[in-house]
Amino acid sequence: MDSIQIAVRLKTPDPQAVTALNTIKAMRLQLPPLKLCRHDLWEFEVSSGGRDTVSELIGHFADIVNPNKQLWLFTEKDSSLAGEDPELQWAGIVVRDYVDSVSENWTELLKRRGFPVEALRCGVLWRFGYLKGTDEALIKKMAMDLSVSDTREGGLFSNPVSQEVSFWI
């Protein structure tokens, strides 16, 4: 069984990412990210066909990737994504719901349509671009502090009551 990930982003600037970055700037952090990108992250567990199967099902479902307004690419952890500034050091946070009916519904739909998909997980990948040379442990801490809501002053991207957060670096 193969695990295939794709990252989907808007062709135009993402309003959620722009708003989040503006909010971070307003927080007047000592070392804020210089850029922020948001991607929908889809992880397919396929029993056969690998990337070809995923490419085929993406062609069938504009709800996964709408070719009129979105771009997508195969991705792996520790890789950079298209459009990221190579002059920055990038870190990623994945936010997923604990109870994820979207993933369950898509898995069942794809199985009924005959695709060899055993499981599917959806999430949001936030990519933080920091100055090159910034300590990686510091970047991880800053990204996690910005991502997990534990006070009214911090944590913009997730709610620990209903969502899990993991690193994607």
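This is a predicted model: local features need pLDDT of at least 70, side-chain atom pairs count only at pLDDT 80 or more; totals for chains, interfaces and linings use all residues.

User: What is the strand order in the open sheet?

Analyst: The order of the 6 strands is β3-β1-β2-β5-β4-β6, with antiparallel pairing. β3 (70–75) and β6 are at the edges with a single partner strand each, so one side of each has no neighbour in the sheet. From one strand to the next the twist averages 30°. Strands (E, at least two residues) and helices (H or I, at least four) are DSSP runs numbered from the N terminus, and two strands pair if DSSP finds at least two bridges between them.

User: How many bridges join β2 to β5?

Analyst: β2 and β5 run antiparallel and are joined by 12 bridges. In that pairing, histidine 39 stands opposite leucine 125 in β5.

User: And how many for β4 and β5?

Analyst: β4 (residues 88–97) pairs with β5 over 8 bridges, also in the antiparallel sense. Leucine 88 stands opposite leucine 131 in β5, and isoleucine 93 faces tryptophan 126 in β5.

User: Which strands does α4 touch?

Analyst: α4 packs on the sheet and touches β4, β5 and β6, with its direction at about 115° to that of β5. Axes here are lines fitted to C-alpha atoms, for helices over the stretch in contact, and angles run from 0 to 180 degrees between N-to-C directions.

User: Switching to α1. Which of its residues are buried?

Analyst: Ala17, Ala20, Leu21 and Ile24 are buried in α1. They are on the same side of α1, because they cover an arc of only 100° around the axis; the arc is that of the directions from the helix axis to the C-beta atoms. Buried means under 20% relative accessible area, exposed over 50%, and partly exposed in between (1.4 Å probe, protein chains only).

User: What do they pack against?

Analyst: The buried residues of α1 pack against β2 (35–46), β5 (117–131) and α4 (136–147). Contact means heavy atoms within 4.5 Å. The face of α1 turned away from the buried side carries Pro15 and Ala26, which are exposed.

User: What happens at the ends of α1?

Analyst: At the N-terminal end, aspartate 14 is the cap, with a side-chain oxygen 2.8 Å from the backbone nitrogen of glutamine 16. Just after α1, arginine 28 has a positive phi of about 55°.

User: What does its side chain join?

Analyst: The side chains of glutamine 163 and aspartate 97 are joined by a polar contact of 3.0 Å. A polar contact is a pair of N or O atoms within 3.5 Å; within protein, one must be able to donate a hydrogen and the other to accept it, and residues adjacent in sequence count only if both atoms are side-chain atoms. Leaving aside neighbours within four places in sequence, glutamine 163 is in contact with Val95, Arg96, Asp97, Tyr98, Phe157 and Ser158.

User: Last one: where is arginine 112, and how far is it from aspartate 97?

Analyst: Arginine 112 is in helix α3 and is exposed, with a relative accessible area of 64%. Arginine 112 and aspartate 97 are 15 residues apart in sequence and 24 Å apart in space, C-alpha to C-alpha.

Notes:
Residues are numbered from 1 along each chain as its sequence is written. Side-chain values use heavy atoms; hydrogens and water are left out.
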